[in-house]
Amino acid sequence: LAVLEAGKPQAVAVRLVYYTYLATLMPLIGVLTCGRLWPFQYLRRSILRFPEPRAFMTVLREAGFASVQHRPLHGGLADLFVAMKGP
């Protein structure tokens, strides 16, 4: 299993810019490009509510996945989780 998810940057300055983007620019771009706000509001909520990496890795292990790995990408802007089903 491979899961690529929008992350939550650890660096305070990057996090501030990223969260500002999620709250203001992304919805504006959405309205301007497709005329709808709600998909981008949903995306923002989904990103913010996704479990922290350790918690998600626990969920994967509890679901029977083994060899669960996490790799933050681009300073935490994205997270890659890789897990194998096994004994």
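In the predicted model, Phe 50 and Phe 56 are both buried. These two residues form a tilted aromatic pair, with ring centres 4.8 Å apart and an angle of 50 degrees between the planes. Phe 50 also pairs with Phe 81; the ring centres lie 6.4 Å apart and the planes meet at 45 degrees, so this pair is likewise tilted. The latter pair links distant parts of the chain, since Phe 50 lies in the loop between helix H2 (38–49) and H3, whereas Phe 81 belongs to strand S3, 31 residues apart. Phe 50 has a relative accessible area of 18% and therefore falls under the 20% limit for burial. Phe 81, at 1% relative accessibility, also counts as buried. Together, Phe 50, Phe 56 and Phe 81 form one aromatic cluster; the whole structure contains four aromatic pairs.

Beyond its neighbours within four places in sequence, Met 57 is in contact with Val 68, Gln 69, His 70 and Phe 81.

The largest pocket has a volume of about 170 Å³. Of its 16 lining residues, Lys 8, Gln 10, Glu 52, Pro 53 and Asp 79 are the closest to the centre. Strands S1 (2–6), S2 (65–73) and S3 (78–85) each supply at least two residues of the lining. By class, the lining consists of seven nonpolar, five polar and four charged residues.

Notes. Residues are numbered from 1 along each chain as its sequence is written. This is a predicted model: local features need pLDDT of at least 70, side-chain atom pairs count only at pLDDT 80 or more; totals for chains, interfaces and linings use all residues. Side-chain values use heavy atoms; hydrogens and water are left out. On a 1 Å grid over the protein atoms alone, a cavity is a set of points where a 1.4 Å probe fits but cannot get out, and a pocket is an open set with protein on both sides within 12 Å along at least five of seven lines; lining residues have an atom within 4 Å of a point. Grid points are joined across faces, edges and corners, and a volume is the space filled by probe spheres set on the points. Helices (H or I, at least four residues) and strands (E, at least two) are DSSP runs, numbered from the N terminus. Ala, Val, Leu, Ile, Met, Phe, Trp, Tyr, Cys and Pro count as nonpolar, Asp, Glu, Lys and Arg as charged, and the others, Gly among them, as polar. Contact means heavy atoms within 4.5 Å. Rings of Phe, Tyr and Trp (its six-membered ring) pair if their centres lie within 6.5 Å; planes under 30 degrees apart count as stacked, over 60 as edge-to-face and the rest as tilted. Buried means under 20% relative accessible area, exposed over 50%, partly exposed in between (1.4 Å probe, protein chains only).
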